[in-house]
Amino acid sequence: QHYFTVLFGHEGQKPLELRCEDEVDGDEWVEAIHQASYSDILIEREVLMQKYIHLVQIVETEKVAANQLRHQLEDQDTEIERLKAEIVALNKTKEKMRPYQGNQEDEDPDIKKIKKVQSFMRGWLCRRKWKTIVQDYICSPHAESMRKRNQIVFNMVEAESEYVHQLYVLVNCFLRPLRMAASSKKPPISHDDVSSIFLNSETIMFLHEIFHQGLKARIANWPTLILADLFDILLPMLNIYQEFVRNHQYSLQVLANCKQNRDFDKLLKQYEANPACEGRMLETFLTYPMFQVLPLYIITLHELLAHTPHEHVERKSLEFAKSKLEELSRVMHDEVSDTENIRKNLAIERTIVEGCDILLDTSQTFIRQGSLIQVPSVERGKLSKVRLGSLSLKKEGERQCFLFTKHFLICTRSSGGKLHLLKTGGVLSLIECTLVEETEAS
C-alpha cells in the first residue's frame, strides 16, 4: 500500500491522506494532481495584470497630456478674446482721433514711436506664447509617439529601396542575361529551367517599384503621412508571392541540377562577379523575397500600430492590412511545409531501388534519417536470428534508416551506393511497435 498526502494552501481545509494499492498508480495520481494545479492560471493572471497596469499608465499619461492641451486651448481662447477687445478699443480710439488727424498734415513723431513700440511688444508677446505652446507639445508623449512613428516609416522606405535594388540586380544581372543565353545557338540552360528558377521575379520587381514610388510620394507630403491606401493596393497583389514561395525549394533544386553543367556554372560565375552583386550568389538573391514582404511588413505594421492613436484616421485600415498579412503568412507557411514534405518524401522514394508505396501518402511526414548499427540479439547466451534481417546476423551491420511519423524504413546500401529495403522488416509500422531501451550492461 502506497500513501500520499494533499496539502492545501489556504486555512480551514484539512489535508487529504490517500492511498493506492499500486506504486505506479500512486505516481500517476500525484503527477495528475500536479498538472491540475491552478498555479499556471495565477501566472497568466499576473501577466495580464501587468499588461493591464501598463495600459492604465498609458491612459493616465494620455489624460494628463489631453488636460494640458485643453488648458492651453482655454488660455488661447482667453488671449484671443482679450486681443479682440483690444482691437475694438483701438478702432474706437482711431475713430475718435480721425477728425484730429484730418486737420494734421503729418502724424506726431512721438505717436509713431509709441505705436511702433506697442506693435513690437504685441509681436514679441505672441511669439513668446507660441513658442511656449510649441515647446510644451514637443515634450508631450503624443509628440514622442509621432516621432517614433515617423522614424518607422522612414526606415520602411529605406528597406523598400534596398529591396527594390536587390530585385533589380536579380532581374537585370541574372534573369534577363540567362534568357538571352537560353536563346543562343548552344544554350547552357533551357527556357523551362529559367522559368522554374526565377518564376515571376520580374513581376515582383515591377510590383515593388510601384509600391516604392508610392512611399516616396507620401514622404514628399510630410508631415502628413497616409499609408493605408498603399497597403490596400498591395494586398490583392500578394498572391504573386504565394506562387514564388511555393516554387522556392523547387527553383533551388533546378538551379543545383543546372550547375552540374560546366558551361552554365562558368557563365553563372561570370554573372556573380558583377560588381552590382557585391559578392553575393544567385541563391542569395532568390532567397530575399522569402523574408521581405510578409515578415518585414507584419513587424512594421505592428510597430506602426503601437505608435498610432486609437482615434487616428488610419488605425482601422492598418489593423485590417496587418490581419490580412498575418492570415496570408499562415497559409503560405502551411503550404510551403506541405510542399517541402512531399518533395522530401518523393526524393527518398526515388533513392530506394524497389520504391516504397507508403511514401506516397501525403500525411506521412519526414522526421530524420541517418546510419544505425544493427546488432545481433542474444538469447540465453547464444546468437539468435535477427528478426529485421532476411538471414541470421552474426556480426554488426550498418543500416540506412529513415524515420517518418507513421513508419520506420530500414535499408541496406549496395556497393554501387544504391539503397535496398530489407526483405523482411524493411518497413515497420510505428503503430504496432514497442521501443524498449535496455539499461543493463549485459
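Q: What makes the meeting of the R82 and E86 side chains a salt bridge?
A: The term requires a side-chain nitrogen of Lys or Arg within 4 Å of a carboxyl oxygen of Asp or Glu. R82 and E86 meet at 3.3 Å, N to O, so the pair qualifies. The model is predicted: local features need pLDDT of at least 70, side-chain atom pairs count only at pLDDT 80 or more, and totals for chains, interfaces and linings use all residues. Residues are numbered from 1 along each chain as its sequence is written, and side-chain values use heavy atoms, with hydrogens and water left out.

Q: Why can R82 and E86 be described as about one helical turn apart?
A: They are four residues apart in helix α2, which means a separation of about one helical turn. Helices here are DSSP runs of H or I with at least four residues, strands are runs of E with at least two, and both are numbered from the N terminus.

Q: How do you know that E79 and R82 form a salt bridge?
A: Their closest N and O atoms are 2.7 Å apart. That is within the limit, so the pair counts. E79 and R82 are three residues apart in helix α2, again about one helical turn.

Q: Are E79, R82 and E86 buried, partly exposed or exposed?
A: Buried means under 20% relative accessible area, exposed means over 50%, and partly exposed lies in between (1.4 Å probe, protein chains only). E79 has 27%, R82 has 41% and E86 has 23%. Each value therefore falls in the partly exposed range.

Q: How do you know that D265 and K269 pair, and how exposed is each?
A: The closest N and O atoms are 3.5 Å apart, so D265 and K269 form a salt bridge. The two residues sit four places apart in helix α9, about one helical turn. D265, at 22%, is partly exposed. K269, at 53%, is exposed.

Q: What makes E79, R82, E86 and R122 one network?
A: The salt bridges joining these residues share partners. A search of the whole structure finds nine salt bridges.

Q: What class does D193 fall in, and why?
A: D193 has 26% relative accessibility, so it counts as partly exposed. It sits in helix α5, residues 191-198. Beyond its neighbours within four places, D193 contacts V254 and C258. R179 is 14 residues from D193 in sequence and 9.9 Å away in space, C-alpha to C-alpha.

Q: What is a nonpolar core, and which residues of the largest one touch the most other members?
A: It is a set of buried Ala, Val, Leu, Ile, Met, Phe, Trp, Tyr and Cys residues joined through side-chain atoms within 4.5 Å. The largest core has 52 residues, and F174, L178, I189, I197, F198, F231 and L282 touch the most other members. Helix α4 supplies the largest share, 15 residues. L178 itself contacts I189, V194, F198, F264, L267 and Y271, neighbours within four places aside. A second, separate core of ten residues includes F402, F404, C411 and L419.

Q: How helical is the stretch at residues 56-93?
A: It is 100% helix and 0% strand, with its end C-alpha atoms 55 Å apart. UniProt, in an unreviewed entry, places a "coiled-coil region" at residues 56-93. UniProt positions follow the numbering used here, feature names are shortened, and annotations may be inferred rather than shown by experiment.

Key
Contact means heavy atoms within 4.5 Å.
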